[in-house]
Amino acid sequence: MPHAALHVQLIHPKKVGRSKYKNSGELTFTTTLAKSHSFLDYLKGGFQVNFSLAVDFTGSNGEPTDPGSLHYINPMQPNEYQQAIQAVGTIIADYDSDKQFPCMGFGAKLPDGSVSHEFALNGNSSNPFCMGVEGMLAAYAQAISTVQLWGPTNFSPIINSVAKYARQAKTGYYTLLIVTDGAITDMALTKQAIVEVSEVLLSLLFEQLHLHVSRQACFL
């Protein structure tokens, strides 16, 4: 909503005192205030939440066969990625009515030898959706057993992809969780992607993992 305008007269010092001289013009400043809604506002308003997951499969995580790896597959307990998916997914799932979550990975070498920064964890690029948290964990387990950790760690392709879908859909509120070890390599492009999605109903949740250290999360 517009506020009262501010008028500033432009005065030429050499013309001051001349007859009939008032000013050399006038600048008018106006401001418009627009309310910015928060994620909670959209939840309270009844918006459907659409949750997406992106998992870091880059080599900096360490080989899954190494007990020191964030992707270490331990039959006795979940690894750091599994814990993060379980913890955040369980909370977000309550706000997503159909419980169908697109789950993607990035930074891996696929079985065909190509390196991908956006691939479906369940191996189905035309239908990357997973049913509930259990489906997400099953897809992660499938991916970690079939792809090779590679690199680099590029966030922008995943962010741009989800943002494009959100723009086209024009309904609901979108949330993208990126679970990573934090060794980002496309910082400039990621910053640009974050700026560009600021006008989209999309929140980015970055969860940075460290072995034997508390997880760090950032919500944008």
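Let me start with the aromatic rings, where the count comes to seven pairs, a pair being two rings of Phe, Tyr or Trp (its six-membered ring) with centres within 6.5 Å, called stacked if the planes are under 30 degrees apart, edge-to-face if over 60 and tilted for the rest. One of them is formed by Phe57 and Phe119, a tilted pair at 5.5 Å centre to centre with 55 degrees between the planes. This pair links distant parts of the chain, since Phe57 sits in the loop between β3 (49-56) and α2 (80-93) while Phe119 belongs to strand β7 (residues 119-120), 62 residues apart; helices (H or I, at least four residues) and strands (E, at least two) are DSSP runs, numbered from the N terminus.

Before I go on, please keep in mind that this is a predicted model, in which local features need pLDDT of at least 70 and side-chain atom pairs count only at pLDDT 80 or more, while totals for chains, interfaces and linings use all residues. Residues are numbered from 1 along each chain as its sequence is written, and side-chain values use heavy atoms, with hydrogens and water left out.

Are Phe57 and Phe119 buried or exposed? Both are buried, where buried means under 20% relative accessible area, exposed over 50% and partly exposed in between, with a 1.4 Å probe and protein chains only. Phe57 and Phe119 also belong to one aromatic cluster, together with Tyr81 and Tyr140.

Tyr165 and Tyr174 form another aromatic pair, edge-to-face, with 5.9 Å centre to centre and 75 degrees between the planes. Here Tyr174 is buried, at a relative accessible area of 6%, whereas Tyr165 is partly exposed, at 48%.

Now to the sheet, which is open and has three strands in the order β6-β5-β9, with antiparallel pairing; two strands pair if DSSP finds at least two bridges between them. The edge strands, each pairing on one side only, are β6 (115-116) and β9 (148-149). Strand β5 (residues 108-109) is joined to β6 by two bridges, and Lys109 stands opposite Val115 in β6. Lys109 also lies over the face of Trp150, at 3.7 Å from the ring centre, the rule being that NZ of Lys or CZ of Arg is within 6 Å of the ring centre and within 35 degrees of the ring normal.

Finally, a word on another lysine, Lys164, which is found in helix α4 (residues 156-169) and counts as exposed because its relative accessibility is 52%. Its C-alpha atom is separated by 20 Å from that of Cys130, 34 residues apart along the chain.
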